[in-house]
Amino acid sequence: MSNFTTHTLESAPEASTSFVEKSIKANGRLPGLHAIMAEAPGLLEGYQAIHKLFSESSFNAEELTVVWQTINVEHECGYCVPAHTGIAHMMKVDPALTEALRNKEAMTTPKLQVLHNTTLAMTRNRGNLSQEEMSAFFDAGYTQRQMLEIVLGLAQKVMSNYTNHIAETPVDKVFEKYTWQPK
């Protein structure tokens with residue numbers, strides 16, 4: 001079990017309180033990830049900013065889910081996979097897509113499969129993509145902007161996945177029904 005502090009609004013460092021308040025207002029509660037991140041105000045602030053930017057990127061709800069969950073599953077994040085399963089349901093993403101991502105199965109469309117493959121290659125190879133991988137991405141109809149937006153999503157997920165690994169963040173009760181274990 002981790003010894004990392006799970007903060008509340010009352011226990012959070014003063015420099016984190018505005019970010020904790022923002023999280024509570026946005027979520028109706030303080031997610032465990034944010035409660036852990038509150039220990040490092042810059043991490044919580046950066047995570048919230050990157051999350052907002054990626055959520056407002058040119059990707060639709062299904063594509064956001066593919067990028068997030070591809071990285072979460074590859075990083076074996078037992079907190080983020082359930083959380084993003086619940087988020088995908090709230091965003092009205094096809095449950096078949098969510099289950100395919102969780103179970104490392106084929107995506108529901110060829111275009112989403114290319115997005116998944118590209119995100120996975122970028123994650124595994126630290127941004128180094130072959131010419132064939134890049135061509136497949138662009139041939140599927142994605143843009144240079146979207147290639148770079150995968151980098152933005154990856155930055156967000158590194159912040160959350162790595163925090164959850166070192167802090168052993170427990171899954172929030174609201175997402176417990178989506179509990180996931182790596183295969």
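**A close look at the helix packing**

Tutor: Thr-98 is buried, at a relative accessible area of 1%, where buried stands for under 20%, exposed for over 50% and partly exposed for what lies in between, with a 1.4 Å probe and protein chains only. The model is a predicted one, in which local features need pLDDT of at least 70 and side-chain atom pairs count only at pLDDT 80 or more, while totals for chains, interfaces and linings use all residues. Numbering starts from 1 along each chain as its sequence is written, and side-chain values use heavy atoms, with hydrogens and water left out.

Thr-98 belongs to helix α6; helices (H or I, at least four residues) and strands (E, at least two) are DSSP runs numbered from the N terminus. Setting aside residues up to four places away in sequence, Thr-98 touches Thr-85, Ala-88 and Val-93, contact being heavy atoms within 4.5 Å.

Thr-85 and Ala-88 are both among the buried residues of α5, which also include Cys-80, Val-81 and His-84. Because 8 of the 11 residues of α5 (residues 80-90) are buried, this helix is largely enclosed by the rest of the structure. Its buried residues pack against α4, α6 and α9. Just after α5, Lys-92 has a positive phi of about 65°.

Two of those partners, α4 and α9, also pack on each other. Their axes are 10 Å apart and meet at an angle of about 45°, axes being lines fitted to C-alpha atoms, for helices over the stretch in contact, with angles from 0 to 180 degrees between N-to-C directions. Therefore α4 is oblique to α9, since under 35 degrees counts as roughly parallel, over 145 as roughly antiparallel, 65 to 115 as roughly perpendicular and the rest as oblique. The crossing of α4 past α9 is right-handed, meaning that the near helix is turned clockwise from the far one by less than a right angle. On the α4 side, the contact is made by Val-67, Trp-68, Ile-71 and Asn-72, and on the α9 side by Ile-150, Gly-153, Leu-154, Gln-156, Lys-157 and Asn-161. By class, this contact has 5 nonpolar, 4 polar and 1 charged residues, with Ala, Val, Leu, Ile, Met, Phe, Trp, Tyr, Cys and Pro taken as nonpolar, Asp, Glu, Lys and Arg as charged, and the others, Gly among them, as polar.

Gln-156, in α9, is buried with a relative accessible area of 0%. Beyond four places in sequence, Gln-156 touches Tyr-47, Ile-50, His-51, Phe-54 and Trp-68.

Leaving aside neighbours within four places in sequence, Leu-115 contacts Phe-59, Glu-63, Val-66, Val-67, Phe-137, Tyr-142 and Ile-150.

Two backbone details complete the account. Arg-126, in the loop between α7 and α8 (131-139), has a positive phi near 55° and is exposed, at 77% relative accessible area. Glu-168 follows α9; its phi is positive, near 50°, and this residue is partly exposed, at 42% relative accessible area.
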